[in-house]
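Welcome to a short tour of a protein fold. Keep the picture open beside the text and find each part as you read.

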Amino acid sequence: MDKQVVIIKDKNSNLLEALIYYMDQEKINYVILEKDDEVDSNTTHIISIGNFEMSNFYMDSNTPIILISNKKIVMDNLENQVKNYIITTLVDDDKNYTSVQKEYLFKKGIYSIFLQKIGELLENTHNYNGMIYDLTEIKSIPDNWIFNFDSIAETYAWLSKMNQNLPNDFPRKVVNFYSDKVYNDSLKEINYLTEKIMEIKSKKNLIDLFICTKDELHLLKENYFFKLLLKNISSTYQLYLVDKEKLENDDKTLLSKLLDGVIIYPDCVYKDTYQDELSLGYVDCNQKTIEQYQEYFKYVKDKYGYKLESGSDIDGFLK
C-alpha cells in the first residue's frame, strides 16, 4: 500500500521544508495540515511537529504517529497507536538559509540525519513502538558549507536546475578550461551545452571566460558548441579569451584557484574537479568564497580578458 502521510504543523519552519523536500525526493504522497484540520481516513502515517497539546485529535485513529519535539515528551494517552519520537533542536531552527545552503543541510548536514530517521520510522520494518531518537547533541551548523555530488549525472542535473532558476538579469559568470572530459560529445555534455545555447538565445545574462593555450584554442574553435557560442555573442552574452600561459606566468596561484573551472551563482560557487571520477565538481556555499571568486573573476577578465565580438576576432588572439 502506498504511503499517505499527513504532516501536522504548528508553524512554518526549516524543519517543515526539510520534510517536504524528503517527501518530494522519495515521491511519497503527503498533505500538510494545521492541528484542528481533519485527517483523511486513508492516511497511513501522521507526522506531528512541535505542538503536542493536540493529542486528543488522534484518539479515534490507529494510524502510526511520529512525534517531533525539542524535548522528551511521551504521550501515554494514545494507547492504541504506534507512536515513535524524534527529539531535535531543529524544531526551533529559524535561521535564514540560502536555497543552496538548505540543499546542503537536507542532503549532507544535520537535516539529512533527521530525514534518515524519518525514513526509518515511516518504514518501521520491525514494528517498533515507543522508539525515541534523540538528536539534540548533534552539531547543527557544519564546519564548512561545501558539498559534493554522488555522480556525474547528479552534477549535470544540479547545474541544469541552478541555471534554469536564475533570473534573466543575474550575470552568471563562468570560467572555462579546455578538457577532453568535457568537450567530448557525450550525451550529458551535449544536453548541458544545448541548454546553455537556449539560455543565451532567451537573453539570460552570461559571461564566459575561456582560459586556454593557443593550441587548445585551435581544438576548441572546431567544437560545434563553441562555434554556436561565437555566433550568439550579444549584449547579454559576453565571451572572453584568456591566455593560459600568460596567466600561469603572471598569476600561477590564481590560476590554480580557478582550475578546472568555476561558475559563480548568487549564493554559491560551483567548482569543477576533473580528477574526481565520480562527479564533475563540488559546491561551496560560504559567503566569503562567493565574494572572493567575484573578485577573481573581475580581476582576470579586466587584466587578461580578450573580448570577442565575433568569431573572426579569434585570429587576433592567436597572433
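In which hand, left or right, does H2 pass H3 in their crossing? The crossing is right-handed. Before we look at that pair more closely, here is the whole protein.

## The whole protein

The model you are looking at is predicted. The protein contains 11 helices and 14 strands. Its radius of gyration is 25 Å, well over the 20 Å that the globule rule gives for 319 residues, so the protein is more spread out than a compact globule.

## The parallel sheet

Let us start with a sheet. Strands of a sheet pair through backbone hydrogen bonds, either parallel or antiparallel. Here, 6 strands build an open sheet, and if you walk across it you meet them in the order S2-S1-S3-S4-S5-S6, with parallel pairing. At the edges are strand S2 (29-33) and strand S6 (132-134), each of which pairs on one side only. From one strand to the next, the twist averages 15°.

Zoom in on one pair of neighbours. Strand S5 (residues 83-87) pairs with S6 in the parallel sense, over 3 bridges. Which residue in S6 is the bridge partner of isoleucine 87? The partner is aspartate 134.

Helix H3 (residues 110-123) lies across strand S1 (4-8), strand S3 (45-49), strand S4 (65-69), S5 and S6, and runs at about 175° to S5.

There is a backbone detail to spot here as well. Lysine 27 is in the loop between helix H1 (14-26) and S2. Its phi is near 55°, which is a positive value in a residue other than glycine.

## The mixed sheet

Another open sheet has 8 strands, in the order S7-S13-S12-S11-S8-S9-S10-S14, and its pairing is mixed. Strand S7 (146-148) and strand S14 (306-308) are the edge strands, each pairing on one side only. The twist averages 20° from one strand to the next.

Strand S8 (residues 172-177) and strand S11 (residues 262-264) are an antiparallel pair, joined over 3 bridges. Look for lysine 173, whose bridge partner in S11 is isoleucine 264.

In the loop between helix H9 (252-258) and S11 you will find aspartate 260. The peptide bond from leucine 259 to aspartate 260 is cis, with omega near -5°.

This sheet has a helix across it too: helix H7 (residues 224-231) lies across strand S9 (206-212), strand S10 (237-243) and S14, running at about 120° to S10.

## How helices pack

Two packed helices are described by the angle between their axes and the distance between the axes.

| Helix pair | Angle between axes | Distance between axes |
|---|---|---|
| H2 and H3 | about 45° | 4 Å |
| H2 and H4 | roughly 150° | within 13 Å |
| H5 and H7 | roughly 5° | within 11 Å |

Take H2 and H3, whose axes are 4 Å apart at an angle of about 45°. That angle makes H2 oblique to H3. Their contact is made by Leu105, Phe106 and Lys107 of H2 with Ile110, Tyr111, Ser112 and Leu115 of H3. These residues divide into 5 nonpolar, 1 polar and 1 charged.

Next come helix H2 (residues 99-107) and helix H4 (residues 152-165), which cross at roughly 150°. Angles over 145 degrees count as roughly antiparallel, and H2 and H4 are therefore roughly antiparallel to each other. Their crossing is right-handed. On the H2 side, Val100, Glu103 and Lys107 make the contact, while H4 contributes Glu154, Trp158, Lys161 and Met162. What is the make-up of the contact of H2 with H4? The residues divide into 3 nonpolar, no polar and 4 charged.

Finally, helix H5 (residues 187-201) and H7 cross at roughly 5°, which makes H5 roughly parallel to H7. In H5, Ile190, Leu193, Thr194, Lys196, Ile197 and Ile200 meet Phe225, Leu228 and Leu229 in H7. This contact divides into 7 nonpolar residues, 1 polar and 1 charged.

Definitions and conventions
Residues numbered from 1 in each chain as written. Predicted model: local features only at pLDDT ≥ 70, side-chain atom pairs only at ≥ 80, totals over all residues. Heavy atoms only, no water. Pairing = 2+ DSSP bridges. Helix = DSSP H or I, 4+ residues; strand = E, 2+ residues; numbered from the N terminus. Axes fitted to C-alpha atoms, helices over the stretch in contact; angles between N-to-C directions. Contact = heavy atoms within 4.5 Å. Parallel < 35°, antiparallel > 145°, perpendicular 65-115°, else oblique. Left-handed = near helix turned anticlockwise from the far one by under 90°. Nonpolar A, V, L, I, M, F, W, Y, C, P; charged D, E, K, R; others polar. Rg over C-alpha atoms; globule rule 2.2 N^0.38 Å.
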